[in-house]
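Here's a quick tour of a protein–DNA assembly, written for someone who likes to know the cut-offs. Have the viewer open as you read.

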Number of protein chains: 2
Amino acid sequence: MSDAAGQDLHLDRDTTNCSIARTLEIVGEKWTILILREVWYGSSRFSEFERVLGCPRNLLAERLRMLVEQGILATETYKEPGARSRPKYVITAKGMDLVPAVMGLMQWGDKYRADPEGPAVEARHRDCGGHVDVRIRCDRNHDVPLDAIESLPGPAFRLRPTG
Amino acid sequence: MSDAAGQDLHLDRDTTNCSIARTLEIVGEKWTILILREVWYGSSRFSEFERVLGCPRNLLAERLRMLVEQGILATETYKEPGARSRPKYVITAKGMDLVPAVMGLMQWGDKYRADPEGPAVEARHRDCGGHVDVRIRCDRNHDVPLDAIESLPGPAFRLRPTG
DNA sequence: TCGCTGAGTATAGAAAAGTAAACTCAGGCA
DNA sequence: TGCCTGAGTTTACTTTTCTATACTCAGCGA
């Protein structure tokens, strides 16, 4: 964004260790974030995901497998009376850490793509009932406006191998 | 997340007006977020995107067209001395509002998928140099821990048409 | 032991998305 | 006039996703 960033994060940087791209490798496929949304809203069973998402079962199974493999969801078992034990999916701490990203998407949709009445779902602070939103802060506790964020090369910054 | 949310945001809700899904309709396709990342890091020209992303031109053209159509990017012209005017792409306020979502993805990648040395890019507060991160706050200015967020039906909440 | 149920797997055909490479087009300049 | 360049378009091919349906498998209860 800044001139400094523009100069330093230049066109020859190695983009293979980009944190954004690496996250998208895991959650960037269709359905994945929507599955997390449903977990977050309270679903945990295969049939629940299938019903509310209306997504193909083979893709659902594949995405769930990947999310478990990545430690974003974990499997537990549940047992309805008179039925055998079956697996269910619960979110892990690693999965919870995706909440800010997903809430960021939600906040943008609320602002630019909501129905005239407003959003379909509201996020609130359980303790005080206040409406929550996603903000950028710095470690000196300033609220950082979007245009005051500067992107600089970090410790793993590399140039692209020439060729 | 909460029991209340689990009860209310149930399996028969209408998911067609979900803000997360609607945002993903626009930025959920491959390359789109990476294009925004590059705009954010300072690129603006077709050839710059192509070079740093290594993505196919037809998709790049299509994604840029969509981002402009959605008002996330805008076209301007630039002119190198001795060359004719050509288009370039700049981010709009609507596009800047996607920064929290993208920084959320970045933050997760920094935490769980970074190289041993650390992240490739660091975001800082331009005014104080402090490292920035994405946080959830409520409108009474509490810092909201991820497990204290409650999702409730909003004004546009609807049940799915039965059938 | 038989049927039922939730949670999948298997498979096949159609549509959408992605990739690679060749081609176009406009205008400045030699 | 003809060449060069950035910014695309076109086309052909491959891969991924989607849809639909059929099938499996384990264990509880009748």
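A:Val134 has B:Ile136, in strand 4 of chain B, as its bridge partner. For the terms: strands pair if DSSP finds at least two bridges between them, and helices (H or I, at least four residues) and strands (E, at least two) are DSSP runs, numbered from the N terminus.

This is a predicted model, so local features need pLDDT of at least 70 and side-chain atom pairs count only at pLDDT 80 or more, while totals for chains, interfaces and linings use all residues. Residues are numbered from 1 along each chain as its sequence is written, and chains are lettered from A and ligands numbered from 1 in the order in which they are written.

## Chain against chain

On the chain B side, 82 residues are in contact with 82 residues of chain A (contact means C-beta atoms, placed from the backbone, within 7 Å). Helix 7 of chain B gives the largest share of that side, 14 residues. By class, the chain B side splits into 43 nonpolar, 17 polar and 22 charged residues (Ala, Val, Leu, Ile, Met, Phe, Trp, Tyr, Cys and Pro are nonpolar, Asp, Glu, Lys and Arg charged, and the others, Gly among them, polar).

Helix 7 (residues 99-112) of chain B also crosses helix 2 (residues 19-27) of chain A at roughly 90 degrees, with the axes coming within 7 Å. Among the residues making this contact are A:Ile20, A:Leu24, B:Leu105 and B:Trp108. The classes here are six nonpolar, three polar and two charged.

## Around the DNA

DNA strand C has 18 residues around it, with A:Ser47, A:Ala61, B:Lys30, B:Gly82 and B:Arg84 coming nearest (near means a C-beta atom, placed from the backbone, within 6 Å). By class, this surface has seven nonpolar, four polar and seven charged residues.

For DNA strand D, the nearest of the 18 residues are A:Pro56, A:Arg84, B:Ser47, B:Asn58 and B:Ala61. Helix 5 of chain A joins helix 4 (46-53), helix 5 and strand 2 (85-91) of chain B in giving two or more residues each to that surface.

## An enclosed helix

Helix 3 (residues 32-41) of chain B is largely enclosed by the rest of the structure, because ten of its ten residues are buried (20 or more other C-beta atoms within 10 Å of a residue's own, all placed from the backbone). Just after helix 3 of chain B, B:Gly42 takes a positive phi of about 125 degrees.

Methods:
Axes are lines fitted to C-alpha atoms, for helices over the stretch in contact, and angles run from 0 to 180 degrees between N-to-C directions. Two residues are in contact if their C-beta atoms, placed from the backbone, lie within 7 Å. A residue is buried if 20 or more other C-beta atoms lie within 10 Å of its own, exposed if 12 or fewer, and partly exposed in between; C-beta atoms are placed from the backbone.
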